[in-house]
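Had a look through this one and jotted down a few points for you. Skim them with the model open.

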Amino acid sequence: MKRSVLTRYRTMAYVTGVLLILLTIGVIAKYLLDVDGASGFVSVVGIAHGWLYVLYLVFAFDLGSKAKWPFGKLAWVLLAGTVPTAVFFVERKVVAEIEPLVSGAEPEPAKA
């Protein structure tokens, strides 16, 4: 597996996670705190998160299919972008699992 597959997934995981946190804060500000201007913020961040989440789905599916994950694991990784902060924890687990499979990770020769 190429490192670029993992890098694309990681980048979109962080972008999606940050936008979802911002969207959650915006929704709280709009509906619970009645903050002026929160409506526009929620609209912009919501649209950005929606489109970038689709890109996250594509990259996560690509990574999962190349790693030959079972459906349950793939579904959890795909849904992690919809739960605030979940994507950060899932990304860490995915990286720990996939890092050894990356083609650039060649084992070092044993020292005598």
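**Notes on the loops and the annotated segments**

1. Start with Lys 68, which sits in the loop between α2 and α3 (71-79). This is a predicted model, so treat the backbone angles below as predicted ones too. Lys 68 has a positive phi of about 60°, and it isn't a glycine. Its side is open as well: Lys 68 counts as exposed because its relative accessible area is 71%, and the cut-off for that label is over 50%.

2. Asp 34 gives you a second case. Asp 34 is in the loop between α1 and α2, and has a positive phi of about 50° despite not being a glycine. With a relative accessibility of 61%, Asp 34 counts as exposed.

3. Val 35 lies in the loop between α1 (3-32) and α2 (38-67) too. Is Val 35 exposed or partly exposed? Partly exposed, because its relative accessibility is 40%.

4. Val 35 also belongs to a nonpolar surface patch of about 600 Å².

5. On the record side, the unreviewed UniProt entry puts "transmembrane region" at residues 12-33, 39-59 and 71-90. In the model, residues 12-33 are 95% helix and 0% strand, with the end C-alpha atoms 30 Å apart. For residues 71-90 the figures are 70% helix and 0% strand, and the end C-alpha atoms are 15 Å apart.

Terms used
Residues numbered from 1 in each chain as written. Predicted model: local features only at pLDDT ≥ 70, side-chain atom pairs only at ≥ 80, totals over all residues. Heavy atoms only, no water. Patch = residues over 30% accessible without salt bridge, like charges linked within 9 Å, V, L, I, M, F, W, Y side chains within 5 Å. Areas by Shrake-Rupley, 256 points an atom, 1.4 Å probe, with all protein chains shown as cover. Salt bridge = Lys/Arg side-chain N within 4 Å of Asp/Glu carboxyl O. Helix = DSSP H or I, 4+ residues; strand = E, 2+ residues; numbered from the N terminus. Buried < 20%, exposed > 50% of the residue type's maximum accessible area, 1.4 Å probe, protein only. UniProt positions renumbered as here; feature names shortened; annotations may be inferred.
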